[in-house]
Amino acid sequence: MKYEILPISKEMLQLIERQAGDRQLQPLTREILLLELKLASTTYSEAMAGWVEEMIPGTELTLVRTPSGDDLCISVLYHDQRIGIIPMEQNVVIARLMDAGKMLTCRVNRATIEHDFMSGRPWVRILVKIYLID
């Protein structure tokens, strides 16, 4: 059997849509879990305290390349505000994929406010999952 790309006529598209019924046609995509990690450089603030309550599992965060002292630095944003970074020990593959134009998504796995054992000061712990969209 020979495989080739064929043009789809309007009639053919209507037939495909009828056969799909109520199901929406979606592009063939899948999410491949790359990493599960704890964000670094999170700091406690009143704004962060409010956001932690909003960050239920599955909340989507934005990954942005922000090279500075670390050429592979990746900031993680929520409401267009930086809430942390991908730890340096785990950012190499993610940065290379982003630089290559691959689509990635980051989702909250768990977000909590913890208290330092020694000082009692609060800090934010955000666990995330990073997926490659393929």
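## Strand β3 and its surroundings

Modeller: Let's start with the strands: β2 and β3 pair in the antiparallel sense, over four bridges. Keep in mind that this is a predicted model.

Colleague: Good to know! Which residue in β3 is the bridge partner of Thr 62?

Modeller: That's Leu 77.

Colleague: And what about β4, how many bridges join it to β3?

Modeller: Four bridges, and the two strands run antiparallel, with β4 covering residues 81–85. One of the positions to look at is Val 76, which stands opposite Gly 84 in β4.

Colleague: Is β3 itself mostly covered or mostly open?

Modeller: Mostly covered: five of its five residues are buried. That goes for both faces, with Ile 74, Val 76 and Tyr 78 buried on one side, and Ser 75 and Leu 77 buried on the other.

Colleague: Let's talk rings. How many aromatic pairs does the structure hold?

Modeller: One. The rings belong to Trp 51 and Tyr 78, with centres 5.8 Å apart and planes at 75 degrees, so the pair is edge-to-face.

Colleague: Why does 75 degrees make it edge-to-face?

Modeller: Because planes over 60 degrees apart count as edge-to-face, and the planes of Trp 51 and Tyr 78 are at 75 degrees.

Colleague: Where do the two partners sit in the chain?

Modeller: Trp 51 is in helix α2 and Tyr 78 in strand β3, 27 residues apart, so the pair links distant parts of the chain.

Colleague: Are those two buried or exposed?

Modeller: Both count as buried: Trp 51 has 17% relative accessibility, and Tyr 78 has 9%. The cut-off for buried is under 20%.

Colleague: Switching topic: which residues touch the most other members of the largest nonpolar core?

Modeller: Leu 63, Ile 83 and Ile 126, out of 26 residues in that core. The elements giving two or more residues to this core are α2 (46–54), β2 (60–65), β3 (74–78), α3 (92–99), β5 (103–115) and β6 (122–133).

Colleague: Which element gives the most?

Modeller: β6 does, with five residues.

Colleague: And what does Ile 126 touch, leaving out residues up to four places away in sequence?

Modeller: On that count, Ile 126 touches Leu 37, Lys 38, Leu 39, Thr 42, Met 48, Met 55, Ile 83, Arg 110 and Ala 111.

How values were computed. Residues are numbered from 1 along each chain as its sequence is written. This is a predicted model: local features need pLDDT of at least 70, side-chain atom pairs count only at pLDDT 80 or more; totals for chains, interfaces and linings use all residues. Side-chain values use heavy atoms; hydrogens and water are left out. A nonpolar core is a set of buried Ala, Val, Leu, Ile, Met, Phe, Trp, Tyr and Cys residues joined through side-chain atoms within 4.5 Å. Buried means under 20% relative accessible area, exposed over 50%, partly exposed in between (1.4 Å probe, protein chains only). Contact means heavy atoms within 4.5 Å. Rings of Phe, Tyr and Trp (its six-membered ring) pair if their centres lie within 6.5 Å; planes under 30 degrees apart count as stacked, over 60 as edge-to-face and the rest as tilted. Two strands pair if DSSP finds at least two bridges between them.
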